[in-house]
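The structure is shown first.

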Protein chains: 2
Amino acid sequence: MTAALMCSRHFLPTIPREMARFELNILGCGAATPTLRHLPTTQVVNVRDKLFMIDCGEGAQIGFRRAHLKLNRLGHIFISHLHGDHCFGLPGLLSTMALSGHTGELVIHAHPDAEQLFRPLFDYFCRENPFDIRFNAISPSSSEVIYSDRSVTISTIPLKHRIPTCGFLFEEAQSDRHLRGDMVEFYNIPTYMRAAIKQGDDFITPDGQTIPNAHLTLPATPPARYAYCSDTMYNERIIPLIEGADLLYHEATFADDNEAWASRTFHSTARQAARIATKAGVKSLLLGHFSARYDKNEEILLQQAREEYANVQLARENMQIVIKK
Amino acid sequence: MTAALMCSRHFLPTIPREMARFELNILGCGAATPTLRHLPTTQVVNVRDKLFMIDCGEGAQIGFRRAHLKLNRLGHIFISHLHGDHCFGLPGLLSTMALSGHTGELVIHAHPDAEQLFRPLFDYFCRENPFDIRFNAISPSSSEVIYSDRSVTISTIPLKHRIPTCGFLFEEAQSDRHLRGDMVEFYNIPTYMRAAIKQGDDFITPDGQTIPNAHLTLPATPPARYAYCSDTMYNERIIPLIEGADLLYHEATFADDNEAWASRTFHSTARQAARIATKAGVKSLLLGHFSARYDKNEEILLQQAREEYANVQLARENMQIVIKK
């Protein structure tokens with residue numbers, strides 16, 4: 001029996017440690033009225049060096065550049081809803097991608113109206129566009145998987161806003177089991193077989209003895225989950241979808257003083273965001289989409305949220321958060 | 001004869017000194033590829049506290065806010081050509097105007113295609129827009145007056161670029177003649193009559209003697225002129241239109257090292273811009289639309305321009321230039 005045959009299933013390459021990243025980059029975290037403090041909402045999730053943009057406010061391409069992210073790693077943009085502060089960065093970003101010779105396909109996941117609004121602009125302004133732009137129409141009425149690869153699955157989170165809106169849940173794919181160093185040494189397991197064992201294979205010794213996988217490995221780190229919820233009013237229906245997430249980004253447009261106005265405009269207060277975090281048992285909470293009226297006193301949002309939930313912080317431009325520790 | 005009748009023509013109010021401003025605000029002066037140093041091209045001309053925007057690159061509304069300009073004084077936007085870096089700020093700016101309750105009319109002077117490209121966006125994203133947006137289609141094939149009021153006349157300057165493009169010439173209206181203080185005192189000219197005399201009236205003394213205006217006043221300051229020329233390749237045909245302008249803004253995308261590329265892409269070098277300034281005998285030159293490749297060494301553009309024309313400076317964001325001294 002050859003060494004290759006001693007593994008009980010087909011070999012898949014292991015993901016190197018540096019490729020196992022799952023990080024969030026905040027490019028903008030302001031609300032609709034622009035300020036000199038914040039850019040409008042834009043985020044980039046880096047899953048194993050593939051970049052996924054969430055919303056694309058005006059100036060997104062500048063934030064992208066400032067964060068030293070690489071345009072050629074961006075393949076998907078997810079637009080939560082068609083309010084201008086969440087999508088007016090699209091024409092500029094895509095023009096720059098065209099100018100820089102981007103190739104392949106870029107998919108824009110958005111409300112069905114997005115294509116008829118933006119396609120004419122792309123066709124006109126990016127005439128010599130070397131890459132394909134595809135729109136994937138998403139319906140925010142129920143949660144559905146809109147993207148999946150071997151690293152991540154992305155599904156929608158129906159939200160309650162003035163127009164059809166959805167958040168996005170990023171669920172990292174299950175990573176490999178941890179190979180026990182003492183067992184590797186004890187059984188003298190060859191290097192080329194270790195990847196398959198980390199993926200669940202048993203080990204068959206040269207004399208034919210089967211060593212069960214559970215004896216050789218420790219359970220894999222649970223896959224990390226990131227939930228993006230903006231814009232939305234307080235809505236407990238999202239809780240089952242985001243339960244236990246490693247990180248929840250929840251809009252916190254207003255403080256307590258504007259709770260009634262938050263409700264009327266289908267937004268949330270920081271305290272309401274923290275209540276959702278508590279009820280969903282998430283591991284950490286990030287607040288954003290700050291109204292311009294708190295531009296000089298955003299700490300009030302943090303204080304009020306902390307009264308409900310401890311592990312919370314305010315988003316800020318150029319912030320990078322490692323979702324998977 | 002009443003005092004009012006002693007003036008030989010109808011009274012027009014004088015423009016207070018603080019209202020006689022004619023200033024240029026640079027909000028962005030970069031070229032198509034965005035950098036962290038520059039915003040794309042956007043300018044605002046303040047003529048007697050009316051604001052006129054020239055081009056509207058992505059982030060224009062942020063530059064506008066940074067310059068402490070007032071949205072409610074903005075009534076006209078002039079788009080030189082339909083490349084994205086000169087107009088992608090329109091949706092964001094207009095949305096913010098709608099959000100802030102802007103009323104009245106905003107006129108966008110642009111190539112005829114602009115309306116079909118941007119109107120659908122405005123209609124969709126600014127549904128509760130409290131102001132009217134009107135497009136004035138301009139043809140860049142010959143110079144024509146596209147706006148005029150009692151303070152300023154604005155006409156197009158046909159430019160040579162890859163697509164139909166025009167610059168804009170702002171010509172201040174003739175201001176009043178200067179009333180001689182010694183004559184006011186000698187003839188004891190009443191305050192309420194001085195405005196009409198500054199506008200050319202003779203003075204009739206209480207005993208019926210006519211004092212000719214030329215005896216009472218000194219010639220008015222010549223009206224100031226500002227010429228905006230971007231984007232364009234070197235083009236001597238613009239010289240008769242901009243001759244003697246107080247300030248010429250001319251694009252200077254490249255340095256000498258890229259002269260051939262400048263010509264191929266229908267842009268100018270800094271030296272070519274300076275040659276135009278010399279040949280047109282303008283009083284000062286402002287360079288802008290800098291390629292990202294000079295981001296760390298823009299002084300080379302200034303040096304090369306200075307070899308041709310002395311009174312030149314580089315544009316920068318948040319710069320304000322008083323056109324009329």
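## An enclosed strand

A residue counts as buried if 20 or more other C-beta atoms lie within 10 Å of its own. The model discussed here is predicted. In strand β2 (residues 42-47) of chain A, 5 of the 6 residues are buried, so the strand is largely enclosed by the rest of the structure.

β2(A) has pairing partners in β1 and β3 of chain A. With strand β1 (residues 22-28), the pairing is antiparallel over 6 bridges, and Gln43(A) of β2(A) is the bridge partner of Ile26(A). With strand β3 (residues 50-56), β2(A) also pairs in the antiparallel sense over 6 bridges; here Thr42(A) stands opposite Cys56(A). The hairpin of β2(A) and β3(A) has 2 residues between the strands, and Arg48(A) takes a positive phi near 50°.

## Helix α3 of chain A

Helix α3 (residues 113-125) of chain A has 13 residues and spans 19 Å between its first and last C-alpha, close to the expected 18 Å. At Arg119(A), shortly before the proline Pro120(A), the helix has a kink of about 30°.

The buried residues of α3(A) include Ala114(A), Phe118(A) and Phe125(A). Their cover includes α2, β5 and β6 of chain A, together with α3 of chain B.

## Contact between chains

On chain B, 22 residues are in contact with 22 residues of chain A. α1 (60-66), α2 (90-99) and α3 of chain B each supply at least two residues to this side. By class, the side has 12 nonpolar, 7 polar and 3 charged residues.

## Domains of chain A

The domain assignment gives domain 1 (19-175 + 221-320) and domain 2 (176-218). Their centres, taken over C-alpha atoms, are separated by 41 Å.

Conventions
Residues are numbered from 1 along each chain as its sequence is written. Chains are lettered from A and ligands numbered from 1 in the order in which they are written. This is a predicted model: local features need pLDDT of at least 70, side-chain atom pairs count only at pLDDT 80 or more; totals for chains, interfaces and linings use all residues. Helices (H or I, at least four residues) and strands (E, at least two) are DSSP runs, numbered from the N terminus. The expected span of a helix is 1.5 Å times one less than its number of residues. The bend at a residue is the angle between axes fitted to the seven residues ending there and the seven starting there. A residue is buried if 20 or more other C-beta atoms lie within 10 Å of its own, exposed if 12 or fewer, and partly exposed in between; C-beta atoms are placed from the backbone. Two residues are in contact if their C-beta atoms, placed from the backbone, lie within 7 Å. Domain bounds come from an automatic or database domain assignment. Ala, Val, Leu, Ile, Met, Phe, Trp, Tyr, Cys and Pro count as nonpolar, Asp, Glu, Lys and Arg as charged, and the others, Gly among them, as polar. Two strands pair if DSSP finds at least two bridges between them.
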